[in-house]
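Open the model in your viewer and keep the selection panel at hand. The stops below go from one chain to the next.

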Amino acid sequence: MSSLRLAVAVAAKDLRIELHGRHAAGLALPFVGTLLLAFGLALGPGRTLLQATAPGLLWLGLLFASTLLARRAYEAEAEDGALEELVLAPVDKASVFAGKAAAMAVQLLVLEASVLVMVAVLFELPLGRGIVVIAGALVLGTVGLAAVGSLFGVLAVVPRAREAALPLLVMPLVTPVVVAGVKATELAVAGRGGEAGSWLGLLVAFDLVFLAAGTLVFEHLVEE
Amino acid sequence: MFEPAPPPRPGAAPTRAISLTGVTRVFGAQPAIIGVSLTVERGEIVLLRGANGAGKSTLLRVVATALSPTYGSGVVLGFDLASERDEIRRRTDLLTHRTRLYEELSAAENLCFSCALHGLDPALVPEALERVGLAGVAGERVGGFSQGMRQRVAIARTILRQAELLLLDEPYAGLDGDARRVVDQVVLAARDAGRTVLLATHEPTRAGLATRAMLLEAGRLHPQPVPPSRSGVLR
């Protein structure tokens with residue numbers, strides 16, 4: 001089987017599991033919604049402060065959601081030892097990584113559409129002015145978050161790793177995504193989307209680095 | 001159930017399925033198997049006995065390439081255990097009491113995904129499920145199945161795979177009488193097709209399936225005779 005067809009099969013399998021179980025939608029979306037609501041209440045009714053903090057809260061919410069999704073993607077593999085079936089398949093493990101990352105990216109993008117609407121409503125964030133730049137940043141950031149989550153999500157289920165290993169490893173690693181995403185979103189909302197090129201470039205570089213790292217390292221992480 | 005076994009790899013020992021030399025596997029500081037040397041001929045059904053923690057699962061997983069030996073070397077179906085893992089994986093199937101199925105997927109979806117992983121034709125899935133008596137629930141979620149039904153799905157996957165070497169690790173655990181008979185049928189069909197089976201089980205009544213028995217004690221392997229009257233005959 002070609003690498004692309006295998007990646008598509010893995011992605012389709014993960015998305016089918018999510019469609020049947022709705023674990024990510026039932027967990028990540030309520031979590032991010034609650035988080036945004038709590039921050040909104042904590043910051044108070046001042047419109048200026050809410051709008052200033054909205055880009056940061058949007059990306060923090062996505063960061064936490066991506067960690068939950070990565071964990072769930074591998075819990076399904078661990079439930080009845082299914083990860084071993086993947087490991088023992090005589091296939092290129094890089095394709096398995098690509099498939100899992102693609103499935104996670106699709107789930108994150110669906111989640112982001114809902115979260116973006118929540119942020120716009122709760123924090124009165126004017127999306128219209130820079131929606132193209134915001135969408136671009138979200139897509140690029142999603143690829144990076146999905147690559148890191150799919151690469152290290154396996155740590156959530158390996159017996160020798162501690163439960164906290166995944167967030168402790170992933171959150172510092174994806175800091176560049178959060179920083180670049182927040183900056184690009186701030187510029188877009190301020191009507192200065194044209195100046196966000198360097199931050200979008202950082203997101204592209206991050207994506208390339210972690211997609212390459214996942215392709216090279218994933219096999220070593222899942223074996224044994 | 002099984003097609004006749006394919007010819008061995010050109011250049012490989014024609015009659016040998018497994019050849020392990022001094023294989024040791026250590027977890028942390030704890031050895032699970034120690035200096036295991038094992039030769040299994042093609043077409044043999046070898047029973048692997050031993051108490052819990054004796055190292056049976058570790059040995060099967062080393063042969064399946066799920067684990068690498070810490071020390072020692074081995075050749076499985078003519079391929080080197082350390083450097084030709086994918087070739088071995090293409091030709092072996094590990095069936096355990098953990099069924100390696102996705103609970104949220106149906107029986108048919110699980111098997112179709114396995115077909116994708118192993119380059120098999122998914123059109124064969126309905127027939128495989130029919131053979132294990134699950135054709136009527138092919139579209140139902142595996143999460144709602146009993147352990148016996150799950151194990152049947154895993155057996156259907158084994159039938160689909162048509163592996164040259166079957167590694168069965170406590171395949172009877174948690175199964176009812178009907179499901180046990182399905183496992184027996186798989187072992188006997190594999191034998192009739194000239195395939196090789198390494199069967200680790202506590203079940204004394206399954207000794208009749210084997211042509212040879214080995215005992216693992218505290219990680220060390222010892223030959224153990226199978227009563228001639230029972231050899232090769234299912235009781």
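Start in chain A of this predicted model and select helix α3, residues 47-78, together with helix α8, residues 175-189. The two helices pack at an angle of about 145 degrees, and their axes are 9 Å apart. The crossing of α3(A) past α8(A) is right-handed. To see the contact itself, show side chains for A:P55, A:G56, A:L58, A:W59, A:L60 and A:L63 on α3(A). Their counterparts on α8(A) are A:V178, A:G181, A:V182, A:T185, A:E186 and A:V189. By class, the contact of α3(A) with α8(A) holds eight nonpolar residues, three polar ones and one charged one.

Stay on helix α3 of chain A and pick A:R72, which also belongs to it. Is A:R72 buried or exposed? A:R72 counts as buried because 23 other C-beta atoms lie within 10 Å, where the cut-off for a buried residue is 20 or more. Leaving out residues up to four places away in sequence, A:R72 touches A:H23 and A:A24.

Next, display both chains and select the contact between them, with 21 residues from chain A and 24 residues from chain B. On the chain A side, α1 (3-21) and α4 (82-87) each supply at least two residues. Which element gives the most to that side? It is α1(A), with seven residues. The chain A side as a whole comprises 11 nonpolar, three polar and seven charged residues.

Move to chain B and colour the open sheet of six strands, in the order β6-β7-β8-β3-β9-β10. Pairing in this sheet is mixed. At the edges are β6 (92-96) and β10 of chain B, each of which pairs on one side only. From one strand to the next, the twist averages 20 degrees.

Within this sheet, zoom in on strand β3, residues 45-49 of chain B, which pairs with β9(B) in the parallel sense over four bridges. B:V46 has B:R212 in β9(B) as its bridge partner. Then bring in helix α6, residues 177-192 of chain B, which packs on the sheet and touches β3, β7 (165-169) and β8 (196-200) of chain B. The direction of α6(B) makes about 150 degrees with that of β8(B).

Follow β9(B), residues 212-217, to β10(B), residues 220-224: the pair is antiparallel, over five bridges. B:A213 stands opposite B:Q224 in β10(B). These two strands form a hairpin with two residues between them. Select B:A218 in the turn, where phi is positive, at about 50 degrees.

A further open sheet in chain B has four strands, in the order β2-β1-β4-β5, with antiparallel pairing. Its edge strands are β2 (30-41) and β5 (79-80). Strand β4, residues 71-76 of chain B, is joined to β5(B) by two bridges.

For the last stop, turn to the largest nonpolar core, which has 150 residues. Which of its residues touch the most other members? They are B:A156 and B:L199. With its neighbours within four places in sequence set aside, B:A156 is in contact with B:L111, B:A128, B:L129, B:R131, B:V132 and B:L134.

Technical notes: Residues numbered from 1 in each chain as written. Chains lettered and ligands numbered in written order. Predicted model: local features only at pLDDT ≥ 70, side-chain atom pairs only at ≥ 80, totals over all residues. Axes fitted to C-alpha atoms, helices over the stretch in contact; angles between N-to-C directions. Left-handed = near helix turned anticlockwise from the far one by under 90°. Contact = placed C-beta atoms within 7 Å. Nonpolar A, V, L, I, M, F, W, Y, C, P; charged D, E, K, R; others polar. Core = buried A, V, L, I, M, F, W, Y, C linked by C-beta atoms within 7 Å. Buried ≥ 20, exposed ≤ 12 C-beta atoms within 10 Å, placed from the backbone. Pairing = 2+ DSSP bridges.
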